[in-house]
Amino acid sequence: MKIQKILNILTLLTGAIAVTATSLWIGKQAYFWLPPQAAAESQLIDDLISFLVTLGSFIFLGVTSTLMYSVVFHRAVKDDFSDGPAIEGNITLEVVWTAIPILLVFWIAGYSYQVYEKMGIQGPAELVHLHNPLGMESAYAAPNDALVEPVEKIDVLAKQWAWVFHYPETDVTSTELHLPSDRRVRLALHSEDVLHGFYIPAFRLKQDIIPNHNIDFEFTPIRPGQYRLTDSQYSGTYFATMQADVVVESPEDYHQWLSQAATQKPSAAKNQAASEYAQTSHQSVQTGWATVAPAAPPLVNSPG
């Protein structure tokens, strides 16, 4: 009997170690499921996702392996139709399997809120704390103070259906968002009409833009390249056209682009929503679907 008990304990320990090791491995793979980390804050989100995948894998594998072990080693013998032993409730077991999920939920909530604070993403809470906004904190752990202090200020205007970016220091307006690499950036987000969502998947950043409210939003691009900005909130008929290129480049190339764009005369930018709306209005067959007329194409120095 003692030998059997020891074997059961060893089996349990071996299974727990195998499930833990496999879960940790799956959690590490989660990093490869996501786009490249293009902003300092990306690491925070990726770590959180890896943690959630690891935890979910542990629970799934633990429950599945326990069921498989029971089916294989504790199944009734052939032609045994007798009732199993009468087992009454176990208060200790019920307390344990109730307490563990509660603790896990608090753990996930606490970790997620820490990430939320470090990201400094101001969702609906910004409306409550208009005079005391959440502090922005860069996740990019580096000794250079320039990485945690805003060095570039850019005004972002969202409207149906276009993104417009204004660089106040040089008075440059563009439909393409240019950002310097490894420099702290502060965006002043504003909506001209309805609710929009500023979302760059490669940056792991998403911020709702609420009409009649200016929202400051900070982050630190760290990976040069071209990325995509989309509207994460449905904003009407031509919502799918509300996209823009995001170009992260070295500070030297960024300032060179600003200087060159400042010499260009403002002209109307190409606007896909306006083009599609114009084509629809001239169609011989009208669907009768009501829609909002897109805003006039913005005047920009650099159309992108």
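**Entry 1: the second largest pocket**

I began with the second largest pocket, which holds about 380 Å³ of space. I was working on a predicted model throughout. Which residues lie closest to the centre of this pocket? I found Thr 175, Thr 241, Gln 243, Ala 244 and Lys 270 there, out of 20 residues that line the pocket.

Next I looked up the elements behind the lining. Strand 2 (162-167), strand 10 (243-249) and helix 6 (272-281) each give at least two residues to it. Strand 10 gives the most, with three residues. I then sorted the lining by class. I noted 10 nonpolar, six polar and four charged residues.

**Entry 2: the chain as a whole**

I stepped back to see the whole chain. It has six helices and 12 strands. The chain runs to 304 residues, and 32% of them are buried.

**Entry 3: the largest pocket**

I moved on to the largest pocket. Its volume is about 810 Å³. I counted 21 lining residues, and those closest to the centre are Leu 12, Gly 62, Val 63, Ser 65 and Thr 66. Helix 1 (2-29), helix 2 (42-73) and helix 3 (91-119) are the elements that give two or more residues to this lining.

Which element supplies the largest share of the lining? I found that helix 2 does, with nine residues. How many charged residues are in this lining? There are none; I listed 13 nonpolar and eight polar residues. For the second largest pocket, I had noted four charged residues.

**Entry 4: helix 1 against helix 2**

Two packed helices are described by the angle between their axes and the distance between the axes. The axes of helix 1 and helix 2 come within 8 Å and cross at roughly 145°. The crossing is right-handed.

I then listed the residues that make the contact. From helix 1 they are Asn 8, Thr 11, Val 19, Thr 20, Thr 22, Ser 23, Leu 24, Ile 26, Gly 27 and Lys 28. From helix 2 they are Ser 50, Val 53, Thr 54, Ser 57, Phe 58, Leu 61, Gly 62, Ser 65 and Tyr 69. By class, I get seven nonpolar, 11 polar and one charged. Two of the names were already in my notes: Gly 62 and Ser 65 are among the residues closest to the centre of the largest pocket.

**Entry 5: the cavity**

I searched the whole structure for cavities of 30 Å³ or more. The search finds one. The largest cavity holds about 50 Å³ of space. Which residues line it? I wrote down Glu 152, Lys 153, Tyr 167, Glu 169, Thr 170, Tyr 254 and Leu 258.

Strand 1 (152-159) and helix 5 (251-262) each supply at least two of the lining residues. The classes come out as three nonpolar, one polar and three charged.

**Entry 6: a cis peptide bond**

The peptide bond from Gln 160 to Trp 161 is cis, with omega near -5°. Trp 161 sits in the loop between strand 1 and strand 2.

**Entry 7: two aspartates with positive phi**

I looked up two Asp residues. Asp 171 has phi near 55°, a positive value in a residue other than glycine. I placed Asp 171 in the loop between strand 2 and strand 3. Is Asp 171 buried or exposed? Asp 171 counts as exposed because its relative accessible area is 54%, and the cut-off for exposed is over 50%.

Asp 182 has phi near 60°, again positive and again not glycine. Asp 182 lies in the loop between strand 4 (177-180) and strand 5 (185-191). Its relative accessibility is 31%, so I logged Asp 182 as partly exposed.

**Entry 8: Thr 173**

My last stop was Thr 173, in strand 3 (residues 172-174). Why does Thr 173 count as buried? Its relative accessible area is 14%, and buried means under 20%. I also took one distance from here.

Key: Residues are numbered from 1 along each chain as its sequence is written. This is a predicted model: local features need pLDDT of at least 70, side-chain atom pairs count only at pLDDT 80 or more; totals for chains, interfaces and linings use all residues. Side-chain values use heavy atoms; hydrogens and water are left out. On a 1 Å grid over the protein atoms alone, a cavity is a set of points where a 1.4 Å probe fits but cannot get out, and a pocket is an open set with protein on both sides within 12 Å along at least five of seven lines; lining residues have an atom within 4 Å of a point. Grid points are joined across faces, edges and corners, and a volume is the space filled by probe spheres set on the points. Helices (H or I, at least four residues) and strands (E, at least two) are DSSP runs, numbered from the N terminus. Ala, Val, Leu, Ile, Met, Phe, Trp, Tyr, Cys and Pro count as nonpolar, Asp, Glu, Lys and Arg as charged, and the others, Gly among them, as polar. Axes are lines fitted to C-alpha atoms, for helices over the stretch in contact, and angles run from 0 to 180 degrees between N-to-C directions. A crossing is left-handed if the near helix is turned anticlockwise from the far one by less than a right angle, and right-handed if clockwise. Contact means heavy atoms within 4.5 Å. Buried means under 20% relative accessible area, exposed over 50%, partly exposed in between (1.4 Å probe, protein chains only).
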